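Below is a short report on one protein model. Please look over the sequence and the fold before reading on.

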Amino acid sequence: LFTVGQLEWRATQRTGKGHPGSRVISGLIRRHGSTVTDSGWELRAELTLAHCGLARPQRQVAVDTSIGRVHVDLAYPGPPVVAFEYDSDRWHSGVRRRHADMRRRNALRAAGVTIIEMNAALLADPVAFGALVRSVMGIS
């Protein structure tokens, strides 16, 4: 009737009080893994990194955190894990979503993950993006 990706999307839209079962669904997704996506930003980031002479990151890298297993959409598995988090205005705005993002990212940071936050403007500037990634990874 639906794909796991559709379930994940719907679960992000229906979280918190007033949405019975949302914690159960979120927990199941965290425990059993996320789906591998081919979102535009992931493909653009991969191609830009390759164009800059960097290795392609892996998709759906699992990280055990204080809030359970979290799957990062795009990351170098490390150690340390260097994760790419893309913030679109469409999916990462609003109080509830920002709070959920903050909780997730703080748990990732506490687990030793280095997070590179991205948006369309950063990806539109491959030189700056490549320089940022090289700097974070200690690559000259």
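How many residues lie between β1 and β2 in the hairpin they form? There are 2.

## Basis of the model

This is a predicted model: local features need pLDDT of at least 70, side-chain atom pairs count only at pLDDT 80 or more, and totals for chains, interfaces and linings use all residues. Residues are numbered from 1 along each chain as its sequence is written, and side-chain values use heavy atoms, with hydrogens and water left out.

## Overall fold

The protein has 6 helices and 4 strands. Both are DSSP runs, numbered from the N terminus: helices are H or I with at least four residues, strands are E with at least two. Their order along the sequence is α-α-α-β-β-β-α-β-α-α.

The protein has 140 residues, and 35% of them count as buried. Buried means under 20% relative accessible area, exposed over 50%, and partly exposed in between (1.4 Å probe, protein chains only).

A contact means heavy atoms within 4.5 Å. Take the contacts between residues at least 6 apart in sequence: 53% of them join residues at least 24 apart.

## Strands and hairpins

Strand β1 covers residues 58-65 and strand β2 residues 68-76. They pair in the antiparallel sense over 7 bridges. Pairing requires that DSSP finds at least two bridges between two strands. Thr65 has Gly68 of β2 as its bridge partner. Val63 stands opposite Val70 in β2.

β2 also runs antiparallel to strand β3 (residues 82-86), joined by 3 bridges. Here Tyr76 has Val82 of β3 as its bridge partner. β2 and β3 form a hairpin with 5 residues between them. Gly78, in that turn, has a positive phi of about 70°.

## Glu85 in β3

Is Glu85 buried or exposed? Glu85 belongs to strand β3 and is buried, because its relative accessible area is 8%. Leaving out residues up to four places away in sequence, Glu85 touches Val72, Arg104, Arg105, Ile115, Ile116, Glu117 and Met118.

## Helices α3 and α6

Helix α3 spans residues 40-51, and helix α6 spans residues 126-137. Their axes come within 10 Å and cross at roughly 80°. Axes are lines fitted to C-alpha atoms, for helices over the stretch in contact, and angles run from 0 to 180 degrees between N-to-C directions. The two helices are therefore roughly perpendicular to each other. That label covers 65 to 115 degrees; under 35 is roughly parallel, over 145 roughly antiparallel, and the rest oblique.

From α3, Ala45, Thr48 and Leu49 make the contact; from α6, Pro126, Phe129 and Val133 do. By class, the contact has 5 nonpolar, 1 polar and no charged residues. Ala, Val, Leu, Ile, Met, Phe, Trp, Tyr, Cys and Pro count as nonpolar, Asp, Glu, Lys and Arg as charged, and the others, Gly among them, as polar.

His51 also lies in α3. His51 is exposed, because its relative accessible area is 69%. The C-alpha atoms of His51 and Gly130 are separated by 8.8 Å, although the two residues are 79 apart along the chain.
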